[in-house]
Amino acid sequence: MASAELQGKYQKLAQEYSKLRAQNQVLKKGVVDEQANSAALKEQLKMKDQSLRKLQQEMDSLTFRNLQLAKRVELLQDELAVSEPRGKKNKKSGESSSQLSQEQKSVFDEDLQKKIEENERLHIQFFEADEQHKHVEAELRSRLATLEMEAAQHQAVVDGLTRKYMETIEKLQNDKAKLEVKSQTLEKEAKECRLRTEECQLQLKNLHEDLSGRLEESLSIISEKVPFNDTKYSQYNALNVPLHNRRHQLKMRDIAGQALAFVQDLVTALLNFHTYTEQRIQIFPIDSAIDTISPLNQKFSQYLHENASYVRPLEEGMLHLFESITEDTVTVLETTVKLKTFSEHLTSYICFLRKILPYQLKSLEEECESSLCTSALRARNLELSQDMRKMTAVFEKLQTYVGLLALPSTEPDGLLRTNYSSVLTNVGAALHGFHDVMKDISKHYNQKATIEHELPTATQKLITTNDCILSSVVALTNGAGKIASFFSNNVDYFIASLSYGPKAASGFISPLSAECMLQYKKKAAAYMKALRKPLLESVPYEEALANRRVLLSSTESREGLAQQVQQSLEKISKLEQEKEHWMLEAQLAKIKLEKENQRIADKLKSTSIGQGVGPAQENPTGVNAGGQEEASTKAVLEPIHSTSLCRALSKRLALAEKSKEALTEEMKVAGQNISRLQDELTTTKRSYEDQLSMMSDHLCSMNETLSKQREEIDTLKMSSKGNSKKNKSR
């Protein structure tokens, strides 16, 4: 295989070398053609210069001829002027000579006119030829410059290809040497492999003979001892105990523990969200301490007050599911019977959400119809209405898939095993949808709370309640994101662990067969434990009696302690429930106290104004009323203790700590992103600087070549001007 790869590599390099060689030949031919073209253009330029010199010489000769003709005309005019007075003296004799001079003059004039026209035509031809020559010269010079530039580029390409060609040849030679050495080593290895193959064939022959003998013996034992093969039928094979996978069970218990922690966080956040929503209904848009709230909100508040009876069972169901997963069991969907209980509790909570959803939407509509509601607040309320519908729909979708996962432990035909992976994938998608909906609710409720806090009628109770609702929504969002990412990270393991079951079978047939298998597993484990238990040495009778008394006393004390621990745990759970209940009652009492104090202060103000303005007969009644109000304030203030305030503050402090931790995590992630972006920026900056330096070097070289070409053109122009001046002087 290695030699074949090396030969293929060598062939590829040879093909690349042939391609480069062909390109080199083409480039060489192109360079030669361009050099021939440049030589032809130089020859044309030389011929044009020669023709220009000839034209300039003709022009000089014509100008010289014109000067001669002009001098001759002047001489003829002088002769004519001299002959006129003579003609006056001798008219008769001069008539013939005058006629002759007139004829000569006309002949000279015609000849002069022809010379002038010819001179003008030659001037025009010379000017046109000069312009054409300049134009052709400029074109040829520009073409020569481009051709020289292209020739330089082609030469650079040819040099690069030649260098690459030489490097490729050297590389191919090195590869050839390596391949030769490798081929020699491969030949040696091939010889060794042939020897090993012969040895293996001998061993295989011996093993075949041995296994054939063992097979005959095993077949005879099976035919004599085994009555039937229980793995042949799936119904019987489902009762066989599979191999115990302790690592799988520990991993499933760990995952179930993490899921329990996430569900507990969600349950706490849902309890706070529903409870603080109930408190908000009592104070906005109408404060129940000042006026009676609407019947709709009264009914909505009554339903919200029952939220604990629907939310708490979710935590209990998940706790029972976690406790059912132990190291000794086999955890698959057919054996997780407690998942059905959790699904039923989730169905009950969804019924609660469906029951409160219409009241929640109507309550938001009632807020929109209030005179305090602005257009921006109305838009946020409409967005929250859509979000609440989405939240209920997401919970319904999640409950549908959880119910499908609970079917294999109760109804074997309810869900096919081939659909397990798709259902688990849809559960992950539903959890991510729940996280997205909670993010929208958090964003919209934050905007709503900001707008309400800016209202002139916003009270401190409303601001505090909105902050509590926002903290619970943030906790819900964080919990939903954690459980969604947790499920996505473990969904592959869930799908892979579904194949865990009886050997050589597709899985457990029904919950009944799974339950029988677990019973057989316990019996087998007890039997193996009994076999491995070592025999104890005999003990004297008196010592055995003493040990029995100590054992009985320790057993009784241990059972008593276990009962006490169980009772203590039950008391602790009850006390925690009562603690949460009384904390909520304390908050409600605090709100009522604030309302009562406000009402008393208003009444005291009204009574003081009435005493200052009213007649003196009403003073005794005012004093009695003031005394009654003071007594009522004392009666209200006496049962309130500082512990409720400390509990509320501790709860808010815990929420603030959680939000602080979340913000620190976000800051860490943001810092990491900033550092990564800075690194990318430095790398891109360096690459851009390198590119700019290369471009600047290239521009400098181009400027140098252009300056050289301009100097050459200037020298050519100077030489052409000098030649023209010399011709003129000649």
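Predicted model: local features only at pLDDT ≥ 70, side-chain atom pairs only at ≥ 80, totals over all residues.

The points below take the helices one by one, then the aromatic pair.

1. Packing of α7 and α8. Helix α7 covers residues 338-369, and helix α8 covers residues 375-406. Their axes lie 9 Å apart, and the packing angle is about 165°. Angles over 145 degrees count as roughly antiparallel, so α7 and α8 are roughly antiparallel to each other. Their crossing is left-handed. The residues of the α7 contact with α8 divide into 16 nonpolar, 8 polar and 6 charged.

2. Shape of α7. Helix α7 has 32 residues. From its first C-alpha to its last, α7 reaches 47 Å. That is close to the 46 Å expected at 1.5 Å a residue. Still, α7 has a bend of about 35° at I356. A proline, P358, follows within four residues.

3. Packing of α4 and α5. Helix α4 spans residues 246-283, and helix α5 spans residues 295-304. The two axes come within 9 Å and cross at roughly 155°. That angle therefore makes α4 roughly antiparallel to α5. The crossing of α4 and α5 is left-handed.

4. Aromatic pairs. The count comes to 7 aromatic pairs. One of them joins Y310 and F352. Which arrangement do the rings of Y310 and F352 take: stacked, edge-to-face or tilted? The pair is stacked, at 4.8 Å centre to centre with 20° between the planes. Y310 sits in helix α6 (residues 308-324) and F352 in helix α7. The two residues are 42 residues apart, and their pair links distant parts of the chain.

Terms used
Residues numbered from 1 in each chain as written. Heavy atoms only, no water. Axes fitted to C-alpha atoms, helices over the stretch in contact; angles between N-to-C directions. Parallel < 35°, antiparallel > 145°, perpendicular 65-115°, else oblique. Left-handed = near helix turned anticlockwise from the far one by under 90°. Nonpolar A, V, L, I, M, F, W, Y, C, P; charged D, E, K, R; others polar. Expected span 1.5 Å × (residues − 1). Bend = angle between axes of the 7 residues up to and from the residue. Phe/Tyr/Trp six-rings, centres within 6.5 Å; stacked < 30°, edge-to-face > 60°.
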